[in-house]
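Visitor: I would like to go through this model and hear the grounds for each label. Please show it first.

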Amino acid sequence: MTDNPAVGVSGGRLMSHDEADKWTLRLQHAVTGFVDGPRESLEEADQVLEEVAARFTEAVTQRRRTLRTSWQTTGDEKADTEQLRLALRDYRELAERLLRI
């Protein structure tokens, strides 16, 4: 895990490898089961996509919350220019990654 909480789970990933592997295996199971049970395969694939989308949304929301708290302050505290620059860099990197999906 990284020292910068804005970077995320590990190496900039929004989800852990374990989570991704779990969904990949379930999706492979759905594909390989298609011949014997096409409807069940599609239902499983639909469920996997729903779970992945929900987890992705949750991860992006948490990342945004972390970014926001890195520069927003209360009372008389003010983030210095370097904190603001780093926060902007993190926002840009996350937005660019999302645009590449």
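Visitor: How many salt bridges are there, and what makes a pair a salt bridge?

Guide: The count comes to eight salt bridges. A salt bridge is a side-chain nitrogen of Lys or Arg within 4 Å of a carboxyl oxygen of Asp or Glu. Side chains of opposite charge can pair when their charged atoms come close. This is a predicted model, in which local features need pLDDT of at least 70 and side-chain atom pairs count only at pLDDT 80 or more, while totals for chains, interfaces and linings use all residues. Residues are numbered from 1 along each chain as its sequence is written, and side-chain values use heavy atoms, with hydrogens and water left out.

Visitor: Why is the pair of E19 and R55 called a salt bridge?

Guide: The closest N and O atoms of E19 and R55 are 2.7 Å apart. The limit is 4 Å, so the pair qualifies.

Visitor: Are E19 and R55 buried, partly exposed or exposed, and how do you know?

Guide: Buried means under 20% relative accessible area, exposed means over 50%, and partly exposed is in between (1.4 Å probe, protein chains only). R55 has 18%, so R55 counts as buried. E19 has 21%, so E19 is partly exposed.

Visitor: Which other salt bridge does R55 form?

Guide: The side chains of R55 and E58 meet in a salt bridge, with 3.8 Å from N to O. That value is within 4 Å, so the label holds here too. R55 and E58 both lie in helix α2, three residues apart, about one turn of the helix.

Visitor: What can be said of E82 and R85?

Guide: Their side chains meet in a salt bridge at 2.7 Å, N to O. Both residues lie in helix α3 (residues 81-99), three residues apart, or about one turn of the helix. E82 has 40% relative accessibility and R85 has 45%, so each counts as partly exposed. As for networks, salt bridges that share partners join E19, R55 and E58 into one.

Visitor: What makes the contact between S41 and G33 a polar contact?

Guide: A polar contact is a pair of N or O atoms within 3.5 Å; within protein, one must be able to donate a hydrogen and the other to accept it, and residues adjacent in sequence count only if both atoms are side-chain atoms. A polar atom of the S41 side chain lies 3.2 Å from the backbone oxygen of G33, so the distance meets the limit. S41 lies in helix α2 and counts as buried, at 6% relative accessibility.

Visitor: Where does the side chain of T32 reach?

Guide: The T32 side chain reaches the backbone oxygen of H29 at 3.1 Å. T32 lies in helix α1 and counts as exposed, because its relative accessibility is 62%.

Visitor: Which residues make up the largest nonpolar core, and what makes it a core?

Guide: The largest nonpolar core has five residues: L14, A59, V60, L67 and L94. Of these, α2 gives the largest share, three residues. A nonpolar core is a set of buried Ala, Val, Leu, Ile, Met, Phe, Trp, Tyr and Cys residues joined through side-chain atoms within 4.5 Å. L67 is found in helix α2 and has a relative accessible area of 1%, so L67 is buried.

Visitor: How many helices and strands does the chain have, and how much of it is buried?

Guide: The chain has three helices and zero strands, and its elements run α-α-α from the N terminus on. Of its 101 residues, 20% count as buried.

Conventions: Helices (H or I, at least four residues) and strands (E, at least two) are DSSP runs, numbered from the N terminus.
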